[in-house]
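Here are my notes on this one, in numbered points. Have a look at the model first.

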Amino acid sequence: MTIEEIRSSGLLEYYILDLLSESEKQEVEGYLQEFPELRKDKIDIENALHKYASAMGIEPRQGVEQNILDSIRQMGGIKTPSEPPSTGTGLGALLPWLTGLLALSLIIAAYSFFNLRGELNQMQANYADAQAKCDSLKDEQNQTIEILRKVNNPDSRKLIMSPTPGFQETELFFYINENSQENYIQIRKLPLIADNEVFQLWSLKDGVNPIPLSTFTGDGTHIIPVDFENGTGTYAITIEPKGGSLTPNLTKLICTVGV
Amino acid sequence: MTIDLQIIELIKSGNEQGLRLLYKHYAPALHGVALRQLRNEMYAEEALQNTFMKIWSKIDQYDATKSTLYTWMINILRNSSIDISRTQKFQVEKKTISIDNNVHSSSFTESREFSMDAKSSLEGMEDKYSIVLDYLYLWLFPK
């Protein structure tokens with residue numbers, strides 16, 4: 001058939017409306033492949049059908065769309081609803097409330113968690129502080145025990161330092177161990193000094209200028225280690241400016257002890 | 001992406017939004033055809049609903065190389081309308097209303113008037129198409 005014969009036969013229209021037998025459909029599909037103009041005609045006819053129907057379209061009454069959607073939902077297969085589930089009776093109505101309740105519960109749980117976590121962190125910090133203090137006290141205790149062990153060593157001599165006039169209330173014990181070359185001072189009472197002053201230990205030897213030794217303040221300490229100077233004849237303590245001096249201030253000599 | 005392609009992809013993926021778009025763009029046209037074929041609001045709605053359900057369940061069978069989406073749907077609608085028209089209930093109601101008594105008079109007149117209304121609303125369309133449309137819509141549907 002020629003193109004014009006096909007066009008005037010109505011075959012295209014019948015094909016579009018699915019009114020042909022299988023063999024006739026195949027015949028038309030052959031024509032469509034053979035004649036590109038017919039493919040355009042076919043599209044024109046289909047568009048005309050659509051345009052015609054749209055122009056004469058009649059809006060369905062309200063509710064038809066919802067009926068259709070409900071029917072298809074019942075068929076199943078809808079994987080992505082395009083709007084939230086309608087509020088009504090049953091689980092659908094409860095779902096927003098349950099969701100809100102769950103969200104609220106999660107918020108409360110999260111708040112409690114972070115709150116308790118904060119308390120836990122604080123407790124851990126307090127424990128760490130306490131443990132540090134305990135360790136510090138333990139160290140001090142160990143040091144004290146060690147010092148006591150040393151001053152009680154049979155080789156250690158306990159001497160009473162003699163206060164000088166003007167500092168009669170001074171009360172100090174001097175522990176000396178020539179074998180281990182260690183000295184300790186046990187503070188019982190010291191004169192008050194200014195913030196910018198310290199006590200300083202001196203080694204006095206014949207024919208030698210006083211040798212400056214340890215400085216100390218005496219705060220909260222009872223037995224403190226001090227320098228040992230071999231060959232010392234007398235140890236003396238003066239009050240000096242903070243940091244110590246190279247020569248003793250003899251006006252502030254508070255005590256001495258001959259060793 | 002054209003609206004037809006968008007609708008097809010959404011329906012194939014089970015997205016309800018595809019149905020909503022389909023309804024928005026095609027329901028008036030399909031409903032109008034069904035109404036003219038069945039001449040009854042209730043049956044036309046039934047045909048429309050059946051058509052949408054078949055579109056939803058058979059979307060994988062649509063072949064864009066064979067026809068436009070509208071053509072495919074209108075054929076589904078036509079078959080659905082035929083099925084409805086063959087039901088006993090429909091046949092009984094048809095007789096009650098005595099449509100057959102008017103087949104050679106008012107229905108013909110009505111169809112010619114309908115045809116003229118359709119022509120007037122489609123200005124610029126080639127005559128060969130308007131004649132075809134008259135034929136397709138008014139004379140092919142069994143009465």
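Leaving aside its neighbours within four places in sequence, which residues is B:Ala47 in contact with?

1. Keep in mind that this is a predicted model: local features need pLDDT of at least 70, side-chain atom pairs count only at pLDDT 80 or more, and totals for chains, interfaces and linings use all residues. Residues are numbered from 1 along each chain as its sequence is written, with chains lettered from A and ligands numbered from 1 in the order in which they are written.

2. Back to B:Ala47: beyond four places in sequence, its contacts (C-beta atoms, placed from the backbone, within 7 Å) are B:Ala34, B:Leu38, B:Leu77, B:Ser80, B:Ser81 and B:Ile84.

3. B:Ala47 also belongs to the largest nonpolar core, which has 45 residues. A core here is a set of buried Ala, Val, Leu, Ile, Met, Phe, Trp, Tyr and Cys residues joined through C-beta atoms within 7 Å; buried means 20 or more other C-beta atoms within 10 Å of a residue's own. B:Leu19, B:Leu30 and B:Met73 are also among the members touching the most others. H2(B) gives the most, 11 residues.

4. Apart from that core lies another, of 20 residues, including A:Val198 and A:Ile254.

5. For the contact between the chains, chain B puts in 36 residues and chain A 33. H2(B) has the largest share of chain B's side, 12 residues.

How values were computed. Two residues are in contact if their C-beta atoms, placed from the backbone, lie within 7 Å. Helices (H or I, at least four residues) and strands (E, at least two) are DSSP runs, numbered from the N terminus. A residue is buried if 20 or more other C-beta atoms lie within 10 Å of its own, exposed if 12 or fewer, and partly exposed in between; C-beta atoms are placed from the backbone.
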